[in-house]
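Work through the exercises below with the sequence and the model open beside you. Each task is followed by a solution that goes step by step.

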Amino acid sequence: MSDGTGGYHAHHDMGGEPAGPVDRSTHDYAFWEKRVDALMVLLSAPERGLLRVDELRRGIESLGAYAYDRMSYYERWIASITNIMVEKGVLSQAEIDARIADLKARGVGRP
Amino acid sequence: MTARFEPGAAVRVRLDDPKGHCRTPHYCRGRSGVVERICGAFRDPEELAYGGEGLPKQPLYRVRFAQAELWPDYAGPAGDCVEIEIYEHWLEAAG
Amino acid sequence: MSVEHSHGHDHDHAPPPDQDGPWSDYQYLETAVRELLIEKGIFSNDDVRRMIERMDSRSPARGAQVVAKAWSDPAFKDRLLADGRGAVEELGIDIEPVRLIVVENTAAEHNMVVCTLCSCYPRNLLGLPPDWYKARAYRSRAVREPRAVLAEFGTELPDGVAVRVHDSTADMRYMVLPRRPDGSEGLGEAELADLVTRDSMIGVSLPKTPA
């Protein structure tokens, strides 16, 4: 298919690509997914201005094909939000890693 | 805001292939359509995505493309179309 | 964990809430990021709770109320088509900051909405989108073979009805105003609203017909 771009386009730019039937099954959003959504809305609120939807999208796109092949929707969001918070110096990767280690050490998230 | 194109104007989407964030889908690049309406003036997402201000605001258009213009093998009726929001810097006048 | 490093790992999706499985890497990431942002005073736990409550209060029922009003009140319909947000706000529904374009299905034209680049959706009016709206099959095919996609939703349109697909790529959000079903003449707004489905406002299906 000729699209005037030499056939190249980014993975997320998928209009017109061949794909299978639409799977109409849906899931109820898990609470942690709603929290990710809430983080985005709160960070992008005018009074904070720490994250723009355009930055969120750019961050998701830069996760590459992997993001679409292996990650769920809100996994892509939290990955992008995290990377942009680190990029802006709001959070450091070291403190995030340390907090995750701490949560695991305390047994949080294990049945 | 001064809009370069009026509703009804024939326009063509620039043929370009930027590597960064962009809201003009690949499948309409280089294709011709008609301005359906002017949506207003908005900041440029290609700059907003990287921390820029995306100013000055520029006109955002809804452009209507015949399906057969986008997909030469389109099998449906001739009246079928796709409408896409496109920022002015992506558009040029079409004959 | 950095997002980069997780790429090589076996992937574990978050378990559904009725399973007691261990958290995924991304659930840990969400919790760590949220806790740190709260500790830095960027927002509070209460802010997060309020955002989720607000999200939960938005559902297709709000859109159905708007459609039923438009079916019942031609002047309202005209205002809705001219200025989506302004008309919706008349009903006490706040969708700020969404810029809403309402597109009307007629005997000659059927509208459907997609976002090929991500998942733009009028969430402040209709709530969060269904999973298929965000997934590859719909996003890829809706702009190229809309009639085949419609058929998968059980929507068969005659060739005399033009299909107009809206790719929601930038600052506008779209809602379809479906055609009022035959046989609904005597119904009030509440009964009409019961006929309006989420999918009919995305434009992949038609509203229900009165029993």
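A salt bridge is counted here when a side-chain nitrogen of Lys or Arg lies within 4 Å of a carboxyl oxygen of Asp or Glu. By that rule the structure holds 41 salt bridges over all chains. The model is a predicted one, in which local features need pLDDT of at least 70 and side-chain atom pairs count only at pLDDT 80 or more, while totals for chains, interfaces and linings use all residues. Residues are numbered from 1 along each chain as its sequence is written, chains are lettered from A and ligands numbered from 1 in the order in which they are written, and side-chain values use heavy atoms, with hydrogens and water left out.

**Exercise 1.** Describe the interface of chain C and chain A, beginning with the residues in contact.

Step 1. Taking contact to mean heavy atoms within 4.5 Å, we find that 65 residues of chain C are in contact with 63 residues of chain A.

Step 2. Buried area is the accessible area (1.4 Å probe) that two parts lose on being put together, summed over both. For chain C and chain A this area is about 5,800 Å², and carbon and sulfur atoms give 62% of it.

Step 3. Between chain C and chain A the count is 7 salt bridges. In the pair formed by C:Lys40 and A:Glu95, the closest N and O atoms are 3.2 Å apart.

Step 4. Helices (H or I, at least four residues) and strands (E, at least two) are DSSP runs, numbered from the N terminus. Among the helices of chain C that each supply at least two residues to the side touching chain A are helix 1 (25-39) and helix 2 (45-56). The largest share of that side, 14 residues, comes from helix 1 of chain C.

Step 5. Another salt bridge joins the side chains of C:Glu30 and A:Arg35, at 3.0 Å from N to O. Because C:Glu30 lies in helix 1 of chain C and A:Arg35 in helix 1 (residues 31-44) of chain A, the pair joins two chains.

**Exercise 2.** Describe how chain A meets chain B, and say which residues of chain A lose the most area.

Step 1. Here 17 residues of chain A are in contact with 22 residues of chain B.

Step 2. The area buried between chain A and chain B is about 1,600 Å², with 48% given by carbon and sulfur atoms. On the side of chain A, the residues that lose the most area to chain B are A:Arg52, A:Asp54 and A:Arg58, which together account for 31% of what that side buries.

Step 3. The count between chain A and chain B is 2 salt bridges. B:Glu53 forms a salt bridge with A:Arg52, and the closest N and O atoms of this pair are 3.2 Å apart.
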